[in-house]
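Morning, everyone. Please have the structure up.

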Amino acid sequence: KRTLTGTLEAPRTVHIHSEQSGRIIQLPFYEGDKVAEGAVLVSLDDALLRASHAKVIAARKQTEVDLKRLQKLLPRKLTTEDELARAITEVELAQAEESLQKILLSRTVIKAPFAGIISERLKEPSDIAAINEHMLTLFDPTVMTASVQLPEQLHSRVALGDAVQVRIDSLGDHSFNAKILRIHPVLNTQTRQGSVEILLQPVPPGASPGQLCRVTVQTAKTQRRLIPLNTLQFDSLGSFVYRLNADSKALRTAVVTGLQIGESMEIIDGVKDGDKIVSRGFLG
């Protein structure tokens, strides 16, 4: 069993950016407000785009009228196939321009992609929004994760879906059920630790992104060779112990350590079962 500290995160977070430039005329929600899926988050002034859209609709209708007129004239040899082909192309171009203006017009209104809570409000009504400018941040409070760092000795002993317990400091001593959602496959070369993401199921009331939490991971029991922590020595060459040989002579013996468990240290290599090691009197 190992308890590690982490921070709650809301993985389903979206930054609301403007896809069209213009003056903001509606921005109804503030930090902390709950919004429903599909609610209007931002409206931009669309007067110019509406006028442009109306213009291209009129142009498209005119090209359709011209096409119908030429189609009636062709059987009577009063027009040519080339003129008819050009008229068809004009209709297609007008329809494409109308679709483009319709898309641009739709981008003046931004709706919530999912139900959530506003965490950032960076603009105000009457501000001018540039294209791709960050205006709001929305997160889903029903999905909460925590990222913890597992030492390499434990990293290989956990699996996706393993149950863990999470305690959130600001919510008291109560533990909440969670499971391992994702195991990052690459360990940090400096710390020899790997990231593991924990998913709370369900999210407890009062949990918020940024809160400190403590994750208790329980792995399968395994045999470990342990020595008292005070027998372990360190210097510039690494960790070592003084092991007694058959003649009761103390020999410096390099060791490879594993997990610290209470007042004991796991030894992976260097000494074997039954060895005698010095626990005090190191100075003589």
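Exposed here means over 50% relative accessible area, buried means under 20%, and partly exposed is in between. Keep in mind that this is a predicted model.

Asp 273 has a relative accessible area of 60%, so Asp 273 is exposed, the cut-off being over 50%. Its partner is Arg 225: the two form a salt bridge, with the closest N and O atoms 2.7 Å apart. Arg 225 sits in the loop between β14 (212–217) and β15 (226–228), and Asp 273 in the loop between β20 (264–269) and β21 (276–277), so this pair ties together parts that are 48 residues apart in sequence. Arg 225 itself is partly exposed, at 29% relative accessibility.

Glu 64 and Arg 60 are both in helix α1 (residues 47–73), four residues apart, which is about one turn of the helix. Their side chains meet in a salt bridge at 3.3 Å, N to O. Glu 64 counts as partly exposed at 25% relative accessibility, whereas Arg 60, at 16%, counts as buried.

Then Glu 124 and Arg 121. Their side chains also meet in a salt bridge, at 2.6 Å, N to O.

Last, a network: salt bridges link Arg 167, Asp 169, Asp 173 and Arg 214. The count for the model comes to 15 salt bridges. That's what I have.

Terms used: Residues are numbered from 1 along each chain as its sequence is written. This is a predicted model: local features need pLDDT of at least 70, side-chain atom pairs count only at pLDDT 80 or more; totals for chains, interfaces and linings use all residues. Side-chain values use heavy atoms; hydrogens and water are left out. A salt bridge is a side-chain nitrogen of Lys or Arg within 4 Å of a carboxyl oxygen of Asp or Glu. Helices (H or I, at least four residues) and strands (E, at least two) are DSSP runs, numbered from the N terminus. Buried means under 20% relative accessible area, exposed over 50%, partly exposed in between (1.4 Å probe, protein chains only).
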